[in-house]
Amino acid sequence: MTTASIEVEVASPHSAETVFKVFSNFHIIAPKVNPQAFKSIETLEGDGGVGTIRLFTFGDGVPFTSGKYRQDAVDASNLSQSYTFFEGDNLMGILDSVKADVKIVPSADGGSVFKQKITYNCKGDEKPSAETLNFEKELYEKTFKAMEAYAVAHPEEF
């Protein structure tokens, strides 16, 4: 099995704890701030913890229509979580799964760095194109920045 991966790193002036809370609400905030990419995110089973299954319905700004993911880990004390997309056309017919590991790291200035490694587990030798990987990396960066702006505009939610 072949893999491909991308890494996303975005510095934030907000504390690691705040960024973790914001990212933990991705399913609520992302469709509000980037509906071109995320039309809706519906919880199919679970309460947001390990084992939760969510259905992403993608917007017109992405070349996919849907994908299901499972929350694999949530570690609030270490400000990390992971999830795996396991079904949907976002697997492009060439992937078994897409695994994402997220870690929020405090920075010396009181802010933080959002770090996400996304691993594409391929069925065979074919990998997502460099264009697709760059598109997804930019999409994650853009969505994170929009979520951060949402958190600034709505501090009462965090």
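Helices (H or I, at least four residues) and strands (E, at least two) are DSSP runs, numbered from the N terminus. The model on screen is predicted, and in it local features need pLDDT of at least 70, side-chain atom pairs count only at pLDDT 80 or more, and totals for chains, interfaces and linings use all residues. Residues are numbered from 1 along each chain as its sequence is written, and side-chain values use heavy atoms, with hydrogens and water left out.

Begin by selecting residues 1-154, where UniProt, in an unreviewed entry, places the feature "domain: Bet v I/Major latex protein"; such annotations may be inferred rather than shown by experiment. Over this stretch the chain is 27% helix and 43% strand, and its end C-alpha atoms lie 44 Å apart.

Next, select helix H3 (130-153), which gives the most to the lining of the largest pocket, with 4 residues. A pocket here is an open set of points on a 1 Å grid over the protein atoms alone, where a 1.4 Å probe fits, with protein on both sides within 12 Å along at least five of seven lines, and lining residues have an atom within 4 Å of a point. About 390 Å³ of space lies in the largest pocket, the volume being the space filled by probe spheres set on the points. Of the 27 residues that line the largest pocket, Phe26, Phe56, Tyr69, Tyr83 and Phe85 lie nearest its centre.

Now show the aromatic side chains, whose rings (Phe, Tyr and Trp, the last by its six-membered ring) pair if their centres lie within 6.5 Å, with planes under 30 degrees apart counted as stacked, over 60 as edge-to-face and the rest as tilted. By this rule there are 14 aromatic pairs. Zoom in on Phe38 and Phe56, an edge-to-face pair at 5.9 Å centre to centre with 75° between the planes. This pair links distant parts of the chain, as Phe38 belongs to strand S2 (residues 38-45) and Phe56 to strand S3 (residues 53-58), 18 residues apart. Phe38 counts as buried (under 20% relative accessible area, with a 1.4 Å probe and protein chains only) because its relative accessibility is 5%, and Phe56 is buried too, at 4%.

Finally, select strand S1 (residues 3-12), which has a covered face of Ala4, Ile6, Val8, Val10 and Ser12 and an uncovered one of Thr3, Ser5, Glu7, Glu9 and Ala11. S1 pairs with strand S7 (residues 112-122) in the antiparallel sense over 10 bridges, where pairing requires that DSSP finds at least two. On the covered face, Ile6 stands opposite Ile118 in S7.

Key. Buried < 20%, exposed > 50% of the residue type's maximum accessible area, 1.4 Å probe, protein only.
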